[in-house]
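Please look at the following model with a view to how its parts pack against one another. The briefing below is arranged by topic.

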Number of protein chains: 2
Amino acid sequence: MTGTETRRERQRRELVAEIVAIARRQLDEGGRAAVSWRGIAREVGMNPASLYTYFPSLDDLFTALILESYGSLATAVRPSADEPPHEGVAAYCRAYLDWALTNPSQFNLIWTDQLPGYEAPPGGPTVDAETAVIAPLVEVIGAALGTEASVEQLGSVAEETLHRYLSVWGTLHGLVALLVNHHLPFVDDPERLVVDQVVRSVDALRD
Amino acid sequence: MTGTETRRERQRRELVAEIVAIARRQLDEGGRAAVSWRGIAREVGMNPASLYTYFPSLDDLFTALILESYGSLATAVRPSADEPPHEGVAAYCRAYLDWALTNPSQFNLIWTDQLPGYEAPPGGPTVDAETAVIAPLVEVIGAALGTEASVEQLGSVAEETLHRYLSVWGTLHGLVALLVNHHLPFVDDPERLVVDQVVRSVDALRD
DNA sequence: CATCTTCTCCGAACAGTGTTCGGATAGCAA
DNA sequence: TTGCTATCCGAACACTGTTCGGAGAAGATG
């Protein structure tokens, strides 16, 4: 019986979800600085000290927020089954860009370090979450090139091949990052810029 | 006579420079959260309230910091006269990457928005500072293609041409951003990754 | 049922932050 | 020397994250 859940366990699970949801809304509305321990406590109607029952510190709440954002992005870029395979790269680019423009604070939270010198633990959950975001991209690139690539194979492939796949991701990520952070205000059609140029960079991978 | 500078003016200029220098060191050592108004006041041996004589608020100190970082990067990527012209793109990539890896906090401060919804004023100094960083890149790309491009011409050129130049910047910026923020820990030689792939993306611009 | 343990929650407190205000003092121009 | 202004300080305000001790409820054990 896995369905046996005591009353306290259910309330705990619901409250944790509510705390994360409030924090995510605060993040979306006012950036990282707007996520406040005491502000969350006020919204859930509890004493600030009581929140330590659910998260050891504010940083732990942020890691939960990071993991949730990774999952949200991974879901957004997951290819739909009814999509034409040769449109895979373009579809991935559109999903990546749209998610970033819709959730700019989460985008920067995921990809930009806040503490200098911090490195994610090698076996940690953030690397898995990041892999879930990148794996679909590797597959659609492989499909576009007709080579059936997967993210696991990429670990034992020639360095040049790895670098070429990374350059595609770099092009996509770089353009999206510049767009999200308002460094290309003169671009009229961001989607066309990103899709066309990334598709072109994939085509350039053929020898 | 422009050299006439009263004693107060000199002290003010020196103190402003000292404040910015301390803030930059705090930023480099502990990230944005480590830049503290009261901490600066302690270091210069003054009351926190006295600093408001020199900066209206902490945000204004950060804009000064941003402008200084832009200038530092612009100086780093400025091509040296004795460099072979056909190596221009590679040299720019190396400078961009080295500066970013040496000053990760400043890199993220410049390129990543901290407040959602904030947009730089159109005629503001940050756009000029950003232009000073990008102009050399446009020139070395033009030199590599043999078309003598400049950043002023880029405003009135075909959209497709503009997008192709932006894709080069996007590739460079994206790879560097991923490297700076520890998202490519498995890459052995970051410099080769960045230089080779960006040079390849420039070569792919030829029809 | 009663007992015992663990979880939950609170109030108070501590150290820290950015910022404002009133007043004292020094530099500078008239 | 007389004014004006820039500078600087101390005190205060409204916040922040975090720790601690205690009170009470929930769950498990007898």
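In this predicted model, B:Ser167, B:Val168, B:Thr171, B:Leu172, B:Leu175, B:Val176 and B:Leu179 in helix 7 of chain B meet B:Pro190, B:Leu193, B:Val194, B:Gln197, B:Val198, B:Ser201 and B:Val202 in helix 8 of chain B. Two residues are in contact if their C-beta atoms, placed from the backbone, lie within 7 Å. The residues of this contact comprise ten nonpolar, four polar and no charged; Ala, Val, Leu, Ile, Met, Phe, Trp, Tyr, Cys and Pro count as nonpolar, Asp, Glu, Lys and Arg as charged, and the others, Gly among them, as polar.

**Conventions**
- Residues are numbered from 1 along each chain as its sequence is written, while chains are lettered from A and ligands numbered from 1 in the order in which they are written.
- Because the model is predicted, local features need pLDDT of at least 70 and side-chain atom pairs count only at pLDDT 80 or more, whereas totals for chains, interfaces and linings use all residues.
- Helices (H or I, at least four residues) and strands (E, at least two) are DSSP runs, numbered from the N terminus.

**Helix 7 and helix 8 of chain B**
- Helix 7 (residues 159-180) of chain B packs against helix 8 (residues 190-203) of chain B at an angle of about 165 degrees, and their axes are 9 Å apart.
- Axes are lines fitted to C-alpha atoms, for helices over the stretch in contact, and angles run from 0 to 180 degrees between N-to-C directions.
- The angle of about 165 degrees therefore makes helix 7 of chain B roughly antiparallel to helix 8 of chain B (angles under 35 degrees count as roughly parallel, over 145 as roughly antiparallel, 65 to 115 as roughly perpendicular and the rest as oblique).

**Helix 1 and helix 3 of chain A**
- Helix 1 (residues 7-30) of chain A and helix 3 (residues 58-77) of chain A have axes 10 Å apart and pack at an angle of about 80 degrees, so helix 1 of chain A is roughly perpendicular to helix 3 of chain A.
- From helix 1 of chain A, A:Val20, A:Ala23, A:Arg24 and A:Leu27 meet A:Leu61, A:Ala64, A:Leu65 and A:Glu68 in helix 3 of chain A.
- By class, the residues of this contact are six nonpolar, no polar and two charged.

**Chain B against chain A**
- In all, 34 residues of chain B are in contact with 34 residues of chain A.
- The largest share of the side of chain B that touches chain A, eleven residues, comes from helix 7 of chain B.
- That side of chain B holds 13 nonpolar, 17 polar and four charged residues.

**The DNA strands**
- Of the 20 residues around DNA strand C, A:Met46, A:Ala49, B:Arg7, B:Trp37 and B:Ala49 come nearest (a residue is near a strand if its C-beta atom, placed from the backbone, lies within 6 Å of it).
- Helix 2 of chain B gives the largest share of the surface near DNA strand C, three residues.
- Around DNA strand D there are also 20 residues, of which A:Arg7, A:Trp37, A:Ala49, B:Met46 and B:Ala49 come nearest.
- The surface near DNA strand D has seven nonpolar, seven polar and six charged residues.
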